[in-house]
Protein chains: 2
Amino acid sequence: MVSLLEKSMEGLIKVFHNYSGKEGDRHKLSKGEMKSLLQGELSDFLAASKDPMVAEKIMSDLDENRDGEVDFQEFVVLVAALTVACNEFFMESMKN
Amino acid sequence: MVSLLEKSMEGLIKVFHNYSGKEGDRHKLSKGEMKSLLQGELSDFLAASKDPMVAEKIMSDLDENRDGEVDFQEFVVLVAALTVACNEFFMESMKN
């Protein structure tokens, strides 16, 4: 039986490859692929942020090695940060 | 509609709280809770490692602030590292 944690980890890997395989290096997200990923997977988050440049800003923050592409490790750092923020929001809302 | 990425992030939060709420601080994993989590969620991974102390070692690696407990942020660091390792394994096996 696959556990919830394993399913979640598998989900992260699947999401990344669903988008990274579209153009260029199949194991990295180009700018266009990253934008599609954000729009397809985190549209509520993008809508909540009123900044039209948010996708570009995320991209340049993530691209640590400045090669214009985001690899899986850089992607996981984004997801980890977002998940920590969501968890804090969730804990706050439980207090009230 | 909830996306696969959102579902995966939610899964990580749920797994953590399923175990962290059992004893002591409800928002942190004690040593016992961490052990249950590893056994319940990553039993295949534990079985693959032949080291009987692996749970203790993971715990002490994760507990950055040395309070004997693992908070959500410390937990996410573990999951991120494991997921990157899984992704590399997955990419290697696709090559062959």
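Between chain A and chain B of this predicted model, eight residue pairs are in polar contact, both residues of each pair being at pLDDT 80 or more. A polar contact is a pair of N or O atoms within 3.5 Å; within protein, one atom must be able to donate a hydrogen and the other to accept it, and residues adjacent in sequence count only if both atoms are side-chain atoms. The side of chain A that touches chain B receives two or more residues from each of helix 1 (4-20), helix 2 (31-41) and helix 5 (72-95) of chain A. Helix 5 of chain A gives the largest share of that side, 14 residues. By residue class, the side of chain A that touches chain B comprises 19 nonpolar, nine polar and five charged residues, where Ala, Val, Leu, Ile, Met, Phe, Trp, Tyr, Cys and Pro count as nonpolar, Asp, Glu, Lys and Arg as charged, and the others, Gly among them, as polar. Helices (H or I, at least four residues) and strands (E, at least two) are DSSP runs, numbered from the N terminus.

Residues are numbered from 1 along each chain as its sequence is written, chains are lettered from A and ligands numbered from 1 in the order in which they are written, and side-chain values use heavy atoms, with hydrogens and water left out.

The contact (heavy atoms within 4.5 Å) involves 33 residues from chain A and 33 residues from chain B. About 2900 Å² is buried between chain A and chain B, and carbon and sulfur atoms give 78% of this area. Leu5(A), Met9(A) and Thr83(A) supply 20% of the area that chain A buries against chain B, more than any other three residues. Buried area here is the accessible area (1.4 Å probe) that two parts lose on being put together, summed over both.

A nonpolar core is a set of buried Ala, Val, Leu, Ile, Met, Phe, Trp, Tyr and Cys residues joined through side-chain atoms within 4.5 Å; buried means under 20% relative accessible area, exposed over 50%, and partly exposed in between (1.4 Å probe, protein chains only). In soluble globular proteins, nonpolar side chains tend to be buried together. Residues up to four places away in sequence being left aside, Phe75(B) touches Leu5(A) as well as Leu12(B), Val15(B), Phe16(B), Leu29(B), Leu37(B) and Val70(B).

Phe90(B), located in helix 5 of chain B, is partly exposed, with 33% relative accessibility. On the same exclusion of residues up to four places away in sequence, Phe90(B) touches Ile13(A) and His17(A).

Chain A contains five helices and zero strands. Of its 96 residues, 43% count as buried, and the C-alpha trace of chain A spans about 45 × 40 × 25 Å along its principal axes. Among the contacts in chain A with a separation of 6 or more, 44% are between residues 24 or more positions apart.

Over all chains, the count of salt bridges comes to four. One of them joins the side chains of Lys14(A) and Glu10(A) (3.3 Å, N to O); Lys14(A) and Glu10(A) are four residues apart in helix 1 of chain A and so are separated by about one helical turn. Lys14(A) is partly exposed at 45% relative accessibility, and Glu10(A) is partly exposed at 37%. In chain B, the side chains of Lys14(B) and Glu10(B) meet in a salt bridge (3.4 Å, N to O). Asp67(B) forms a salt bridge with Lys28(B), with the closest N and O atoms 3.3 Å apart. This pair links distant parts of the chain, 39 residues apart: Asp67(B) lies in the loop between helix 4 and strand 2 (70-71) of chain B, and Lys28(B) in strand 1 (residues 28-29) of chain B. Asp67(B) is partly exposed at 35% relative accessibility, as is Lys28(B), with a relative accessible area of 22%.

Definitions and conventions: This is a predicted model: local features need pLDDT of at least 70, side-chain atom pairs count only at pLDDT 80 or more; totals for chains, interfaces and linings use all residues.
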